[in-house]
Amino acid sequence: KSKPIQGVGQWPYRAVAEALKVIPKTLMQNCGVNTIRTMTNLTAKHATGGTSWGVDGDTGDIVDMKTFGIWDTLQVKCQGMKTAIETAILLLRIDDIVSGVKKMSDIEAEKMAGKFQQQQPQEPPQEE
């Protein structure tokens with residue numbers, strides 16, 4: 001779905017899509033099936049409009065979750081996504097703040113070093 005978006009704007013969408021692929025890949029690995037082949041088949045099912053296809057945790061087969069009787073609530077998924085994105089944004093902000101503080105301390109240190117070099121040592125006043 002990121003293809004209509006041009007340039008750098010599509011990168012976040014692709015990153016989220018890649019991150020979400022970890023869930024079925026992990027389930028497939030735990031089932032002992034060929035991860036690449038099964039993931040390709042699952043992606044093909046989703047590309048043809050089948051949004052309810054998933055992996056059977058017991059056999060590793062691709063099954064229609066509606067007929068299999070497994071339902072996930074959209075509200076829980078949305079809240080999980082929101083929480084994950086908010087956490088990522090918070091971590092990026094903290095990183096920006098920490099790197100900004102480091103840069104500011106470096107700049108202040110350079111300014112202080114420059115002021116120190118500019119100041120001429122003064123001789124103490126002579127007493128008469």
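Contact, in this tour, means that heavy atoms lie within 4.5 Å. The model is predicted, so local features need pLDDT of at least 70 and side-chain atom pairs count only at pLDDT 80 or more, while totals for chains, interfaces and linings use all residues. Residues are numbered from 1 along each chain as its sequence is written, and side-chain values use heavy atoms, with hydrogens and water left out.

Select G57. This residue lies in the loop between β1 (53–55) and β2 (62–64); strands are DSSP runs of E with at least two residues, and helices are runs of H or I with at least four, numbered from the N terminus. Apart from neighbours within four places in sequence, G57 is in contact with L27 and C31. Between G57 and L27 the C-alpha to C-alpha separation is 6.5 Å, although they are 30 residues apart in sequence.

Next, select helix α2 (residues 22–31) together with helix α3 (residues 35–47). They pack at an angle of about 135 degrees, with their axes 10 Å apart; axes are lines fitted to C-alpha atoms, for helices over the stretch in contact, and angles run from 0 to 180 degrees between N-to-C directions.

Now display the side chains between these helices. P24, K25, M28 and Q29 in α2 meet T35, T38, M39 and L42 in α3.

Finally, select T35, which lies in helix α3. Is T35 buried or exposed? T35 counts as buried, at 18% relative accessibility (buried means under 20% relative accessible area, exposed over 50%, partly exposed in between, with a 1.4 Å probe and protein chains only). Leaving aside neighbours within four places in sequence, T35 touches K25, M28 and Q29.
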